[in-house]
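Thanks for coming, everyone. I'd like to walk you through one chain today. Please have a look at it first.

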Amino acid sequence: MIKRWFKNAKNWILAKLLLISPGSYAFKGAAFGLIAFTVLLIILNAVIFAFQIGDPYYLLFGLVTIIVLALLGALGVWIIKLLYQIPKWFKFALLMCLPILAMIVYFQVVLVVGLAILFSILGASYFIFVRSSFKRLTTPKKVVAALALFVALFGIGALAYYYSLTGLDVDPIENAALLSADKIPAILGKSPGETGEYLVKTITYGSGKDRHRPEFAEKVTYNFLTDSVNGVAFLDNWSGFSGWWREKYWGFDDKSLPINGRVWYPEGKGPFPLVLVVHGNHSMQDYSDPGYDYLGELLASRGMILVSVDENFINGSWTDIREGLSKENDARGWLLLEHLKVWHDWNASSDHPFFNKIDTTKIALIGHSRGGEAVAHAAMLNELDFYPDDASVKLDYHFNIQSIVAIAPVDGQYEPGSSRTKLNDISYFVIHGAQDADVSSFMGSMQYERISFQDSSYHFKSGLYVYGANHGQFNTSWGKNDTGNPFVGLLNLKQQLDDSTQQVIAKVYISAFLEATLRGKKEYLPLFLDARKGKNWLPETIYLNQFEDSNLKTLANFDEDFDVKTTSLDSGSIQSENLTVWREAEIQLKWAKKGSRAAFLGWNYEVEDSLKDERAKGFVNDSLIASYSLNFDPLDFQLDSTSVLLFSMAESTESSNPKTSGKWINDNKENKEEEEEENEEETNAEAPEEEEESEDEPEEKNAEKPLDFTIQLVDSTGQSIQFLLSEFSPLQREIAVTIWKSDFIKGDSQSEKVFQTFSFNLEKLAKQNPGYTPTQLRTIKFVFDQSTSGVVVVDNIGFSREF
């Protein structure tokens with residue numbers, strides 16, 4: 001009875017609405033009015049604007065615009081009509097499944113479309129061949145159905161095979177540094193990545209209340225129990241469903257965060273340097289803190305205490321569907337300082353096992369991914385008395401943090417005072433892998449630019465870019481899959497280093513960095529300028545080192561103004577000859593700007609293709625050779641026998657002759673191609689017939705030769721010396737990597753400008769000309785005479801001291 005009443009009410013309402021709803025005639029009139037008045041407005045707009053600017057052709061532009069938009073409207077109606085004709089069940093399937101497929105394959109359009117087509121054909125084939133009567137179909141339909149099934153099965157098989165592959169080959173890359181490796185002597189002695197002499201012991205500490213981690217709960221002894229801390233001031237969005245589930249899972253909220261850590265320490269009296277390492281954002285249920293065991297075992301054996309800090313409770317979760325914790329990297333850094341407070345208390349407590357075992361003047365922080373950004377925030381917050389985003393929160397830590405290590409860090413996830421973290425007078429090392437599928441851009445190079453040295457102590461900063469290294473294998477529990485997607489076969493892993501090789505690199509560099517910054521072992525410093533110094537310790541791959549220390553006196557960093565003729569010194573000046581590219585501009589990474597400007601220098605001698613790989617010097621007139629010169633007063637630097645020339649440089653893959661576009665260029669090119677084709681036809685007509693077989697042979701692609709050029713140094717008397725860039729190393733070509741297998745289908749690859757620092761000892765180079773005085777150097781000239789074209793990006797030109 002009630003159901004019938006509701007049905008009658010519904011029909012009555014619809015009938016009344018039908019009485020007042022506009023008919024087809026009204027809709028036609030509405031369409032006419034909309035079109036007529038819109039066209040009238042655009043014509044009026046075109047007439048008025050054409051008279052204003054005095055250009056009657058704008059009227060033609062307005063008419064063309066109307067015609068094009070009318071055609072687009074017709075096309076849109078046709079597409080909507082086609083979509084409307086799609087049966088409702090298939091519409092429902094598309095609207096439901098396309099977003100799911102997109103999430104599963106990380107929004108790779110080629111795979112989304114391909115899978116949707118294949119799955120649809122398989123379903124259609126099943127219904128045709130099994131659920132309905134195939135025999136009743138006409139012969140053409142049978143052929144089409146069978147063909148579609150074959151295509152679908154072949155496609156699924158091809159995808160399965162493609163998925164099973166580790167990856168595909170990429171274009172070969174020449175390792176530029178190896179071409180001059182014989183000129184670089186290795187550091188003598190044992191590798192800093194080798195196990196030391198101390199016996200390693202382990203413990204864990206924590207709140208004792210962890211629901212899922214017994215090592216931080218019932219297994220914690222009484223003297224390693226820690227108090228919880230209130231993180232409300234540093235965390236956003238511990239609320240809603242995500243916050244409820246987070247609290248339910250962990251058993252605590254943001255007002256009572258635990259201080260949990262696992263420790264590797266050397267057996268002995270001490271005191272020992274203290275190093276904290278913190279993981280990044282990973283699934284909070286897949287615990288990340290055990291993954292630095294390889295560093296813990298190594299550093300403890302070498303006489304350091306390493307603590308892997310547990311911050312899994314502020315990591316992401318599947319429950320963060322609508323919202324979750326955001327911009328929490330300040331909390332990650334602040335928690336590190338709370339851990340340091342606990343360790344300082346233990347060191348001062350006479351009844352504690354770590355009493356007087358910690359050298360509190362020698363502290364370092366290591367962070368990975370978001371943790372790699374967090375360690376910089378920790379160092380910044382450590383120097384402040386109050387939290388910069390809320391001065392009602394007191395900090396006042398002021399621990400002796402000497403150095404920080406960032407492993408594949410992000411940058412800018414948290415911005416103190418809506419700015420980026422800047423650091424003074426602290427040593428910094430960042431390592432990043434080219435094959436990183438998570439943080440695919442070298443974000444740590446941005447923080448590198450925001451570190452400066454002002455006091456009288458020695459500090460340095462260094463960046464290391466490693467070809468083949470990924471994101472996850474710096475943590476033994478994260479592994480080769482950087483995306484978190486269980487379908488790891490979607491990734492191209494063929495160029496990826498194996499986990500043990502990648503961890504050897506991390507051990508050598510991180511151990512050397514800590515030995516140099518915490519123990520003053522300066523013999524390891526050359527490793528941070530040039531990886532070839534550790535060739536007896538490091539696996540072979542491409543390494544790019546960027547380096548700067550507190551001894552550097554800068555001639556030009558290109559951040560001072562927009563005048564391309566000025567240097568960072570008032571007394572300096574710049575000039576160039578025959579450059580096809582010359583500008584000072586912000587350095588663009590894949591994801592963001594680096595936060596630093598540099599000089600972009602390009603040359604192109606427009607030679608025949610047969611001469612592209614030849615040296616420009618010899619067949620290009622000297623008056624046409626491009627050069628870039630920096631002039632300065634020698635008194636500004638007070639150079640001596642220990643002085644070295646330093647600058648950082650990268651290749652840019654932009655056009656080296658950007659002004660060669662235009663119709664006349666295209667016409668000339670077409671004419672030239674026609675002439676070449678005619679010449680080729682004449683040559684082929686005269687050639688023996690058997691030579692035609694070579695046309696079917698695949699042409700092997702060769703790696704591009706690294707760039708080289710001449711550097712000329714002129715003193716105040718006009719005496720000069722010159723040498724090649726390759727005296728240190730040729731310039732590495734920009735490294736292109738392929739992250740996803742689907743990128744091979746699209747022909748996509750990723751690359752960015754990664755800098756290499758070049759160093760030249762002035763005293764040693766001066767021996768080639770007895771009349772040249774290196775202490776009176778006044779001009780540095782880059783002469784681009786070794787290749788026919790190229791673009792380089794140069795930054796931070798200056799002088800430092802030999803190690």
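I'll go from the whole chain to its strands, then to a surface patch, then to the salt bridges.

First, the ground rules. This is a predicted model, where local features need pLDDT of at least 70, side-chain atom pairs count only at pLDDT 80 or more, and totals for chains, interfaces and linings use all residues. Residues are numbered from 1 along each chain as its sequence is written, and side-chain values use heavy atoms, with hydrogens and water left out.

Now the overall picture. The C-alpha trace spans about 90 × 85 × 65 Å along its principal axes. The chain has 16 helices and 24 strands. Those are DSSP runs, numbered from the N terminus: H or I with at least four residues for helices, E with at least two for strands.

How much of the chain is buried? Of its 803 residues, 47% count as buried. Buried means under 20% relative accessible area, exposed means over 50%, and partly exposed is in between, with a 1.4 Å probe and protein chains only.

The accessible surface comes to about 41200 Å², and 57% of that belongs to carbon and sulfur atoms. Those areas come from the Shrake-Rupley method with a 1.4 Å probe; for residues, only the protein chains shown count as cover.

Contacts next, meaning heavy atoms within 4.5 Å. Take the contacts between residues at least 6 apart in sequence: 78% of them join residues at least 24 apart.

On to strands. Two strands pair if DSSP finds at least two bridges between them. Start with S3, residues 272-278. Seven of its seven residues are buried, so S3 is largely enclosed by the rest of the structure. S3 pairs with S5, residues 358-368, in the parallel sense over six bridges. There, Val-275 stands opposite Ala-364. S3 also runs parallel to S4, residues 305-310, and five bridges join them. In that pairing, Val-277 has Ser-308 as its bridge partner.

Now look further along the chain. Five strands form an open, antiparallel sheet in the order S15-S18-S23-S20-S21. Which strands stand at the edges? They are S15 (573-577) and S21 (720-724). Each has a single partner strand, so one side of each is left without a neighbour in the sheet. From one strand to the next, the twist averages 15°. That angle is taken between N-to-C directions, from 0 to 180 degrees, using axes fitted as lines to C-alpha atoms, for helices over the stretch in contact. The partner of S15 is S18, residues 626-631, in an antiparallel pairing over five bridges. Within it, Ser-576 is bridged to Tyr-628.

Next, the surface. Helix H3 covers residues 57-85, and Tyr-57 lies in it. Tyr-57 is exposed, at 65% relative accessible area. It belongs to a nonpolar surface patch of about 1100 Å² accessible area together, with Leu-60, Trp-78 and Ile-79 among the other members. The patch rule takes residues with over 30% relative accessible area and no salt bridge; nonpolar side chains (Val, Leu, Ile, Met, Phe, Trp, Tyr) are joined within 5 Å, like charges within 9 Å. Ala-70 also sits in H3. Ala-70 is partly exposed, at 47%. Ala-70 and Cys-97 are 27 residues apart in sequence, and 33 Å apart in space, C-alpha to C-alpha.

Last topic: salt bridges. We call it one when a side-chain nitrogen of Lys or Arg is within 4 Å of a carboxyl oxygen of Asp or Glu. The count comes to 27.

Glu-727 and Lys-183 make one of them, at 3.7 Å, N to O. The pair links distant parts of the chain, 544 residues apart. Glu-727 is partly exposed at 39%, and Lys-183 is partly exposed at 43%.

Arg-583 and Glu-654 meet at 2.9 Å. Arg-583 lies in S16 and Glu-654 in the loop between S19 and H14, so the pair ties together parts 71 residues apart in sequence.

Then Glu-651 with Arg-733, where the closest N and O atoms are 2.9 Å apart. Buried or exposed, for Glu-651? Buried, at 7% relative accessibility. Arg-733 counts as buried too, at 18%.

One network to finish: Arg-213, Glu-215, Arg-262, Asp-289 and Asp-310 are joined by salt bridges that share partners.
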